[in-house]
Amino acid sequence: MQNFTDIDDKMINRANEEGTTVKELADRMIEEYFHDADALNIKRADHHPRATENIDEIIELISLLEEKGFAYVTSDGVYFEIAKDPEYGKLSGKRIEDLEAGASERVASNEDKKSPLDFSLWKFKKEGEPAWPSPWGEGRPGWHIECSAMSRANLGDTIDLHAGGVDLVFPHHENEIAQSENATGKPFVRYWMHNGFINIDKEKMSKSKGNFFLVRELAKIYPYQVIRFFMLQAHYRMPINFEKDSLDAAVASWNRMTTCVNNLLYVAKTAPEKAADQEAMQAATQLKEAITEAEEAWDRGLSDDLNTADAIAAIFDLVRAANIAACVPGIPKGALMAAYDKLISILDVLGLNPTESESSIPADIMDLVDRRQEAKKVRDFNLADSLRDEITAAGYKVEDTPQGTKVTKA
Ligand SMILES: [Zn+2]
């Protein structure tokens, strides 16, 4: 399940600025998100609930908390009372006393709150804001309660894995635990997986610093698959640094991978069924050993908190061994194809496909392909045809398949 917050202060402000509704803004943003997520081959979840479609579940959860004495009503909404939860802070390791000392220095936004740390479960309606009826009055959900309610509604009281950015550990995920566990009396999450920040040229990416870009802008220079490969080269808990040199290095590494796979297939076509001589037989044995070793190292990497960095290093060990083996005359077809199959199957686990030719297609050609797609979408077939001619003239072939558009070097 992957849930969307489709209502909050920022969205309300932006919708007002743009003269649109929060719903229209949310629809557009979600569509944009799927555009890039699909292109990065991020599989869609079974459920994509939205906060505004789960208001009943949210109200139910707040009611449960109120019944059990964890929630109280103030002039501007309903709050969760942190002092009632002795386990508060267990995810982040923060202590309530330390947090309160820090929070009280800031100006309290609401005088009725029992503690500055108490967080909002339900916000009463303000002028010009979307609102829903509730037992406490018209309003909208607080941010944290949405996740707890949608998780419970779709997946039950306890889930195995909860992912999210490391910046959400406190207070967001801490608050989710407090709400869910105190409402249901059961553990909320068995394992938390928090991903590191995205840095741009070693500085944290943020809108305020202006070093902000969208993946589709990056994809004009680097194919989506290379971006995916690049990101998987770092362990997910580590910060990931986007800079030209590292991305260019990822292109070179990815090209080594695709070259190796294509070469294995090419050499295997004319390779004998049986090893031609002693040397070829020995090369085949060595390659088979390299496959087993790579598979074991790959498995160790992924079993160690999904260490994709180590797993990818294991794949490159196999690439090296395969390149050496493919140069030995008379090496049997079976050994080459075993290496080929292994590379394809383990890369598939990472959502990567080295036989896809797009990764070696230059950005300006991909741009023409995208424009042709757009033209076809709006049924401008003349434009689509002339774009196809341009692609062909540049030495590339474009095909429409059930899996989507395929581009290859002609
Ligand atoms: Zn959340």
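Guide: Helices (H or I, at least four residues) and strands (E, at least two) are DSSP runs, numbered from the N terminus. The chain has 14 helices and 11 strands. This is a predicted model, in which local features need pLDDT of at least 70, side-chain atom pairs count only at pLDDT 80 or more, and totals for chains, interfaces and linings use all residues. Residues are numbered from 1 along each chain as its sequence is written, and side-chain values use heavy atoms, with hydrogens and water left out.

Visitor: Which residues coordinate the zinc ion?

Guide: Donors are N, O and S atoms within 2.8 Å of the metal (3.2 Å for Na, K and Ca); water is not among the atoms, so sites may look incomplete. Here Cys-147 (SG), His-172 (NE2) and Glu-176 (OE) coordinate the zinc ion at 2.1 to 2.5 Å. Cys-147 lies in helix H5 (residues 143–155) and Glu-176 in helix H6 (residues 169–184), a pair 29 residues apart that links distant parts of the chain. The spacing of the donors along the chain is C-x24-H-x3-E.

Visitor: Is Cys-147 buried or exposed?

Guide: Buried means under 20% relative accessible area, exposed over 50%, and partly exposed in between (1.4 Å probe, protein chains only). Cys-147 counts as buried because its relative accessibility is 9%. Glu-176, at 1%, also counts as buried. Of the 410 residues of the chain, 44% count as buried.

Visitor: How does Glu-296 in helix H10 count?

Guide: Glu-296, placed in helix H10 (residues 278–303), has 46% relative accessibility and therefore counts as partly exposed.
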